[in-house]
Amino acid sequence: MRSVKLAFSFLCVFAMANSFAQLDIYPKPYRNNALWTVPVPGSNPPITLFPDTLFMGASFTRTSYKPVTVTLKGNEAGWSGDLLFIDPKTGAEDRLFSNHDAPGTTVVLSDRHDIALGDTVYFIYKVTTKPTAGNFPSANSVLPKYTGANIPGVSKYVTVPASAKWGHRWSVAGRLNDSLVIFGFEDNVETSSDFDYDDIVFLTTLSLANDEVPAHLTFVDKAGTPLAPGAFYSPGNDTVYLVYTDDFNAGKDPVSFNISVKNRKGLAAADVETFTAGAPVRNGITGTWTIAIPLQESPGIPGDKKLEVYFLGEVTATVASHTRNQIPDGNTQTATLNVAYPDKPETVKISSCPDSAAAITRTTTCVSIRVVDQSFTRNLDTVWVEVKCDGSGDILGKVQLLEQPDGSYKSGNIVKNEGTVNAGDAALTCKTTDNITVTYLDEVYNKKAIDKAAWSGDVVESLIFSKVGDLNTAIPTAKDGEGGNQFQITVKGLSSKVGVKDTLLVTLTTAQGDAEVVTVTETDVNSNVFTAVVDFVFQTTPQVAGNGKIEAFLDPTQVVLNVPVTGQAIVNGKPYQAVITLLPSLNLVKKAYIKDSDGDGRGDKVYIVFSRPLDELPTSVTPLYWNQFDPNYINKGAAPVISLVPGQPNTIVADFSANPFPKGLTSIPVGAIPPIATLPGTSTFGGQKPAIADSMGPIITFAEIHPFNNLTVNPNTTTQLNIDTLRITVSEPLHPSGGWNDLIRVGKAVNGACTDYLHSQQVVPNEAPVLNADGTFTILIGDGKGPRPLAGDCIYMNVNGGLYTDLLGNLPPIHGEPLKGTLPPKQIELFRGYPPVAGLNPNGFGFVVVNNDPRPDGSDGNFSVPKANGFETVWVPPADWPAGYTAGGTIVYTPEKHNLTDPNVPDPTPHGRESMPSDIGAIQVVSTGEYLADVAIFDNLGNWVKKFTQSFGYHGELSNPARMHSKGMVSYLVWDLKDHRGQKAANGVYVWKVVFRFKNGKQEIRYTRTGVTRNLRTAANP
């Protein structure tokens, strides 16, 4: 038989022996591609045909009744040669054309020769260029060259061998498409040949052939379309078709097909059937056998002439191939086909039981699996999945899923738990944190679908304090009186068992010594959240450990700002801790006391000190009693102004300055109930009624003078002349550090007010003051010892050095009390020239003689006092003495006139004792008060010289301590030693007439003489 070789489908190399052909493949690349390509006419874009494979020694055959043509393609030969065709009937050689004819030259062979279908035909190529000595072609090269096999003794036409490399074959051929073959010859048979087989190239419509038709077996669909090996074919078609091609045998040999079916990968019964084909359809040398085989969906029943397939039918058909000589060639052709319903997208889903959308968590105790895929049979099917807990490694390797009416596949309920993996049970044992992986494999199409359900049992462990009902927000503090006096403990941690409400223990301790153990309970099964509500209270009694609530101790003697509570718990073997600070709402009063802030002897500010800083001020501090707890001692005026004391956040002051308590209530009477202040009844102040402590110092509440009356004194019977009696009343008993001699000071009133303590002077009593039985003091003063208080002066208690306090140690405030009593007549206690003679140097002896100056001997007669290098006259200038006064200069002092109604204002810069100028004349005056002096000066003949008016006490002189004198206040009347025309007064004696006028309307006239000396030269007064 003949065998057809399809170059595009099979690259076969047949090792021929005896009558079998031998083919080798001429390898690419071809030397001249242009000769081996054929353009497809009309293709856009252009398409070029190119043979994939060129076979050496190929033969040709006619396989259809279409005309057979041969066309010259071209050549690359230097020599000339002819292509000849051998008539298959007669063996005669028919020259077709030369290799150098025009490309495209075509001969229709079927018009010139009778070429039967299936016959093998041959071509000859002969070199026509004559041999030349020393030049090609050689004698061997001009020998004829045939297509077909070149095996001596076997092949029909044989070429003399000339090359060990290529043997006896000098032609190649290859298929361009199903109806066109290209072939060519090599003209040079010497070893120097390039063996490119393109010395002449032809196209022919003959088929490329060899001795055998390749056998082929395939499944096709009803329309005859080949099905690829292993293709899927639906059992709903009811029939399967087989097509077999091989050498045509004219039906002489029956063709039997053996078919086996493996169902569901061996899980269902297999089928084995044998079918015999009828007569083939001939196509040239090829025969085609087609059979239709009944297809039935069921497990296999061998021998019933039907193909039974189930779920997946893996069908294998085999047939024994034969030669063109109609005998088996020992080979077998096989075709395979998978019979199953068409594939659909597969999905797998794991759900909690029942089949719900609820998330799978650690606490899920049951799961089910659902798969969506195609149906595998006409019946309700079963599929399997693998279910695995990745963390624990527990695997349920084959979980059955049954097809549901909706076409999906569903498992039964699968138990899920924690614990030790037991490979033999049907439960899925997982870890606290794990991942379930469900794997479904479509056993027909080998497609995999996976679903995962992951959960974390790892809890972010914590211990917090929070408001009741809040599981997540930690609070640092809890305040008494808010939130029901409760706080919540919230512990987050992994519960030890699935399906059970667990408990944990939390230990609560305070720095004050309270300790409680609280049980926290899981909010729900495996919620991993544990809570408990804890009560707390602030109390003034000691706490009791173990009674189930936190007791914070408020001690009014201590600053209890807060009470920290420490919570500790062991969660999964790890310690956790949190702190909440309890804030007391009630702020205990530590103490309350009253002060006289302005020293007027009346309580005006009540201070209340709390045990900790205040967050708010009380709206009121009423009612408030002072001195005694009695309605008569309640403050009935306007409500006090309440504020925090600056820099003291725990102290408030209730300011009663607008309506102070009565004067003189500086202490609490012995045996009296302590007075109180009542605070608001809020949670912060709790209606506390703190007792008000005595923090006011004693004051003089009354001072009265009884002046000495010389009309009632008999000088012959008493030595206590000029002694005044001072009686004072003090607000409470005093505690002296020594005696009473330094008890009081005296100062002048400023605008009628006793506010100038700074310039007051210590009163020196004539003898020790007497503390009377009624608590008053009797003090005798005068007789030249210290300043002499007068009615209208200010009497102060001595506050310097803490010499006098009340019995509790409170210092007296600076409080002056006006001195009452009969005002003695204003009088001049001393009136004298100072010095008697003006114009002398105090350092000269003449000054001492003329002025009768005893020099410093301690008496009041001194006019000069020692200094570092001599003597000087010291005085206190008038308050309006010019600051820039220069002795003998143009700036002179002119006494300023004053009115008796002029206000008495303090001297802003009071003069002290200083050196007296030498170019003035002065009268030293000691008076008991302010005055206005009208001065008139006359010479010794009675001639008027000058007059002027000078005042004293109207510029604050009365508060100048430098003017203090044992008999009153010292002042100086000043004459500038000039007359009324401004001329210097001459040496001599001058008479002063001074009219003193006092504010009470009284007046007094005094006379004296002073002298003036100029340029006096004596041995003692150079």
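Which residue in S41 is the bridge partner of Glu522? I began with this, and in the model I find Phe530 as the partner of Glu522.

**Entry 1: ground rules.** I am working on a predicted model, in which local features need pLDDT of at least 70 and side-chain atom pairs count only at pLDDT 80 or more, while totals for chains, interfaces and linings use all residues. Residues are numbered from 1 along each chain as its sequence is written, and side-chain values use heavy atoms, with hydrogens and water left out.

Entry 2: I take helices (H or I, at least four residues) and strands (E, at least two) as DSSP runs numbered from the N terminus, and I call two strands paired if DSSP finds at least two bridges between them. Strand S41 covers residues 529-539, and eight of its eleven residues are buried, so the rest of the structure largely encloses it; buried here means under 20% relative accessible area, exposed over 50%, and partly exposed in between, with a 1.4 Å probe and protein chains only. Strand S40 (residues 515-522) pairs with S41 in the antiparallel sense over two bridges. I also note that S40 and S41 form a hairpin with six residues between them, and that Asn526 in the turn has a positive phi of about 60°. Strand S38 (residues 486-492) runs antiparallel to S41 and is joined to it by seven bridges, with Val491 partnered by Phe530. On looking for a parallel neighbour, I found strand S42 (residues 550-553), which pairs with S41 over four bridges, and there Phe538 stands opposite Ala552.

**Entry 3: an open sheet.** I followed an open sheet of four strands in the order S60-S66-S70-S69, with antiparallel pairing. Its edge strands are S60 (828-833) and S69 (964-965), each of which pairs on one side only. Two bridges join S69 to strand S70 (residues 968-975), and His965 has Gly968 in S70 as its bridge partner.

**Entry 4: disulfides.** I searched the whole structure for disulfides, counted as pairs of cysteine sulfur atoms within 2.5 Å, and the search finds three. Cys353 and Cys366 form one of them, with sulfur atoms 2.1 Å apart, and the link is left-handed with -65° about the S-S bond. Cys353 lies in the loop between strand S27 (347-352) and strand S28 (366-372) and Cys366 in strand S28, so this pair ties together parts that are 13 residues apart in sequence. I read Cys353 as partly exposed at 23% relative accessibility, whereas Cys366 counts as buried at 16%.

Cys389 is joined to Cys430 with an S to S distance of 1.7 Å, and the torsion about the S-S bond is about 55°, so I record this disulfide as right-handed. Cys389 in strand S29 (residues 382-389) and Cys430 in strand S33 (residues 428-430) are distant parts of the chain, 41 residues apart. Cys389 is buried at 0% relative accessible area, and Cys430 is buried at 2%.

Cys754 and Cys794 form a disulfide with sulfur atoms 2.1 Å apart, left-handed with -85° about the S-S bond. Both of these cysteines, Cys754 and Cys794, are buried. With the bonded cysteines of the chain numbered in sequence order, I write the pairing as 1-2, 3-4, 5-6.

**Entry 5: salt bridges.** I count a salt bridge where a side-chain nitrogen of Lys or Arg is within 4 Å of a carboxyl oxygen of Asp or Glu, and the structure holds 18 of them. Glu297 and Arg378 meet in one, at 2.8 Å from N to O. Glu297 lies in strand S23 (residues 286-297) and Arg378 in the loop between S28 and S29, so the pair ties together parts that are 81 residues apart in sequence. Glu297 counts as buried at 17%, while Arg378 is exposed at 53%.

Lys748 forms a salt bridge with Asp793, the closest N and O atoms being 3.0 Å apart. Lys748 lies in the loop between S53 and S54 and Asp793 in the loop between strand S56 (776-782) and S57, 45 residues apart, and I find both Lys748 and Asp793 buried. I also noted a network of salt bridges that links Asp355, Arg370 and Asp406.
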